[in-house]
Amino acid sequence: MFGFQYYAPTRVVFGKGTEGKVGELVASAHCKKALLHYGGGSVLRSGLLARIKSSLGEQGISFVELGGVVPNPRLSLVYQGIELCKKEQVDFILAIGGGSVIDSAKAIGYGVANEGDVWDFYEHSRSANGCLPIGVVLTIAAAGSEMSGSSVITKEDQKAKRSYKSDFCRPVFAIMDPELTMTLPAYQTACGCTDILMHTMERYFTNGGNMELTDAIAEGLMHTVMEQAIILRDDPQNYNARAEVMWAGSLSHNGLTGCGTDGGDFATHGLEHEMGGMFDVAHGAGLAAIWGSWARYVLESCTPRFARFARKVMGIADGGTEKEAALEGIAAMEEFFRSIKMPTNMKELGIAPSEEELRTMAHMCSVAAGGKKGSAKVLEEGDMLEIYRMALGE
């Protein structure tokens, strides 16, 4: 195993009706003026935004608003938010939504707290020195951004989707009411469950050291999410299943399932980011579409981990070689994706990149990774291109 630092400073307030405590929590952060940042009409139609405004008003907290966040959140809106916060002297950002809203809020927070172009951080040409404090009212269980130090933003004109990570942006608090996720479309729920699984799997499939306890936590989390995803497919209003998935989303990306490893693989995320940047696909669906091809490509370099995954998570019976078990486990995971109507290749995802577009994505993925990416197998640009080709599904 590797030594590690585990840091999870976010205060979690979990349960029915907890959004009613938002004013009290923002006030405890000594906020003078907040930015309410959100996406589309769902927070309006559900009455959630009105309830939040009322709670803030009871505490005498003033605020301004910026809606319009979309999946694969855009840099152009981040720039608008930075300008608005500076003009209005905002000192706290309240993200009301899922991972896209939270990531956008983090980028705005970086832009207000640091001079220069915030995109520099996502291109890794310089590092942030701070971030405005952020609170979250979570409405989608997926990205885990409510407890993580990660943020992903898309620069539209370049079709570039990039991530930046630092502890400065970890939210001060996260309000999690599972009832707020009950109105999600089935596809969005399935995408969220896929993203949660993938955050854990990225840390699980490594060639570095591992801890038995961390492995057991990761395996239990994956078991739980898969079981609850099937329940939600058939019974979307099941509160307990919503709660299990919501908590799993936070634990999958707050660092817990990576303690003692080499930091994880995250090549699948890197590959999907370029698909998302070029074709604006749903993140969870993009991950499902690329994962099987990545897994088969790297299998020879990480066979024992895949064999353990097959037996411990996918229930593949003992017997046969490790490679045979590993291949059965990969196929079983793809069958699970299909069972919740997730794609397992690009054709099923609804995109058909040309060879030129595949080469462009592979090159951009390599550049974003600094030339190489991965732990299960270290991938260079040629490897990335081959995985994209395998994932076409033709």
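Helices (H or I, at least four residues) and strands (E, at least two) are DSSP runs, numbered from the N terminus. With that convention, Gly208 is placed in the loop between α7 and α8.

Good morning. The model that I present today is a predicted one, in which local features need pLDDT of at least 70, side-chain atom pairs count only at pLDDT 80 or more, and totals for chains, interfaces and linings use all residues. Residues are numbered from 1 along each chain as its sequence is written, and side-chain values use heavy atoms, with hydrogens and water left out.

I shall stay with Gly208 for a moment. Along the chain, Gly208 and Met1 are 207 residues apart, yet their C-alpha atoms are separated by 7.4 Å. If residues up to four places away in sequence are not counted, Gly208 touches Phe2, Asp262 and Ser375; contact here means heavy atoms within 4.5 Å.

Two packed helices are described by the angle between their axes and the distance between the axes. Axes are lines fitted to C-alpha atoms, for helices over the stretch in contact, and angles run from 0 to 180 degrees between N-to-C directions. How do α7 and α8 pack? Helix α8 covers residues 212–234, and its packing angle with α7 is about 165 degrees, with the axes 10 Å apart. That makes α7 roughly antiparallel to α8, where angles under 35 degrees count as roughly parallel, over 145 as roughly antiparallel, 65 to 115 as roughly perpendicular and the rest as oblique. The crossing of these two helices is left-handed, a term used if the near helix is turned anticlockwise from the far one by less than a right angle, with right-handed used if clockwise.

On the α7 side, the contact is made by Thr189, Cys193, Ile196, Leu197, Thr200, Met201 and Tyr204. The α8 side includes Asp215, Glu219, Met222, Val225, Ala229 and Leu232. By class, this contact has 12 nonpolar, two polar and two charged residues. Ala, Val, Leu, Ile, Met, Phe, Trp, Tyr, Cys and Pro count as nonpolar, Asp, Glu, Lys and Arg as charged, and the others, Gly among them, as polar.

I turn now to the spaces in the model. On a 1 Å grid over the protein atoms alone, a cavity is a set of points where a 1.4 Å probe fits but cannot get out, and a pocket is an open set with protein on both sides within 12 Å along at least five of seven lines; lining residues have an atom within 4 Å of a point. Grid points are joined across faces, edges and corners, and a volume is the space filled by probe spheres set on the points.

How many cavities of 30 Å³ or more does a search of the whole structure find? The search finds one, and the volume of the largest cavity is about 70 Å³. The largest share, three residues, comes from α9. Among the lining residues are Ile140, Thr181, Thr189, Leu232, Arg242 and Met246. The lining has six nonpolar, three polar and one charged residues.

The second largest pocket has a volume of about 170 Å³. Thr189, Leu232 and Arg242 are among the residues that line this pocket, and they also line the largest cavity. Here α7 and α8 are the elements that give two or more residues, and α7 gives the most, with four. The pocket lining divides into eight nonpolar, one polar and three charged residues.

Helix α4 (residues 75–88) packs against helix α5 (residues 99–113) at an angle of about 50 degrees, with their axes 9 Å apart. That makes α4 oblique to α5, and their crossing is right-handed. Val78, Gly81, Ile82, Cys85 and Lys86 of α4 meet Ser104, Ala107, Ile108, Gly111 and Val112 of α5. This contact has six nonpolar, three polar and one charged residues.

Thank you for your attention.
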